[in-house]
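Hello,

Here is the structure I promised to pass on.

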Amino acid sequence: MSIMHMDLVTDDNEQSDSGMESLTTSKDDTPERRPEDTFNTPVLGSSPTASVPPPIVALKEYDDEPDETLSERLWGLTEMFPECVRNGTYTLTTKTVSGVKNLYQLSRVVMWIVASSSVILFAPVIFEVERAQVEEMQKSQQKQVLLGTNTAMTGQMPPMPAMPR
């Protein structure tokens, strides 16, 4: 074959069908492709003011597969990792969750022990301090009633008058 003949053969093949025309000129109105889901594809080399034929309207392509949930997509992504990575991740995750649960249980027990021990150990001391403060206030009030307001504030006791014999 000559070079010129090969050029003619390739030109004929390129002009026949590139496959792109069938995508843009499809008039399929199946439920997956609706006319309201169209978008305009601009024509290369054209300006908006030039009087060119309107651009070709192309349809969005939809997959025939139903939508996946997030968990299904994540589960599908696990297949791209080796088995040892998946097992290691599973082990790490389960051990972390059980460790957090055990730490939470331990902290609850420790807090209960600390709270109950502090009540048992410090409650008597607090009660005694409060009782001593109440007794001090009662003595102060007694002095005020017996000796007057000024003596109760200063804390000095005037000499007691002598009793006649």
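**What I found**

The protein chain has five helices and two strands; helices (H or I, at least four residues) and strands (E, at least two) are DSSP runs, numbered from the N terminus. Along the sequence, these elements follow the pattern α-α-β-β-α-α-α. Please keep in mind that this is a predicted model, where local features need pLDDT of at least 70, side-chain atom pairs count only at pLDDT 80 or more, and totals for chains, interfaces and linings use all residues. Residues are numbered from 1 along each chain as its sequence is written, and side-chain values use heavy atoms, with hydrogens and water left out.

**The chain as a whole**

Of the 165 residues in the protein chain, 3% are buried. Here buried means under 20% relative accessible area, exposed means over 50%, and partly exposed is in between (1.4 Å probe, protein chains only). The chain exposes about 15600 Å², and carbon and sulfur atoms supply 63% of that area. Accessible areas come from the Shrake-Rupley method with a 1.4 Å probe; for residues, only the protein chains shown count as cover. As for contacts (heavy atoms within 4.5 Å), 35% of those between residues at least 6 apart in sequence join residues at least 24 apart.

**Helix H4**

Helix H4 covers residues 83–147, which is 65 residues. Its expected span is 1.5 Å times one less than its number of residues, so it should reach 96 Å; the end C-alpha atoms are 93 Å apart, which agrees. H4 also bends by about 40° at Phe122, and Pro124 follows within four residues. The bend is the angle between axes fitted to the seven residues ending at a residue and the seven starting there. Just after the helix, Gly148 takes a positive phi of about 115°.

**Salt bridges**

How many salt bridges are there? The count comes to four, taking a salt bridge as a side-chain nitrogen of Lys or Arg within 4 Å of a carboxyl oxygen of Asp or Glu.

Two of them are in H4. Glu128 pairs with Arg131 (2.7 Å, N to O), and these two residues lie three apart in the helix, about one turn. Arg131 also meets Glu135 (2.6 Å, N to O), and this pair is four residues apart, again about one helical turn. Through shared partners, Glu128, Arg131 and Glu135 are joined into one network. As a reminder, an α-helix has 3.6 residues a turn, so residues three or four places apart point the same way. Glu128 is partly exposed at 44% relative accessible area, Arg131 is partly exposed at 43%, and Glu135 is partly exposed at 37%.

Another salt bridge links Glu68 and Arg73 (3.4 Å, N to O). Arg73 counts as exposed because its relative accessibility is 51%, whereas Glu68 is partly exposed at 45%.

**A nonpolar patch**

Leu70, Leu74, Leu77, Met80, Phe81 and Val85 make a nonpolar surface patch of about 620 Å². Patches are made of residues with over 30% relative accessible area and no salt bridge: like charges are joined within 9 Å, nonpolar side chains (Val, Leu, Ile, Met, Phe, Trp, Tyr) within 5 Å. Which helix gives the most to the patch? That is helix H3 (residues 70–77), with three residues. Leu77 has its place in H3 and is partly exposed, at 45% relative accessibility.

Best wishes
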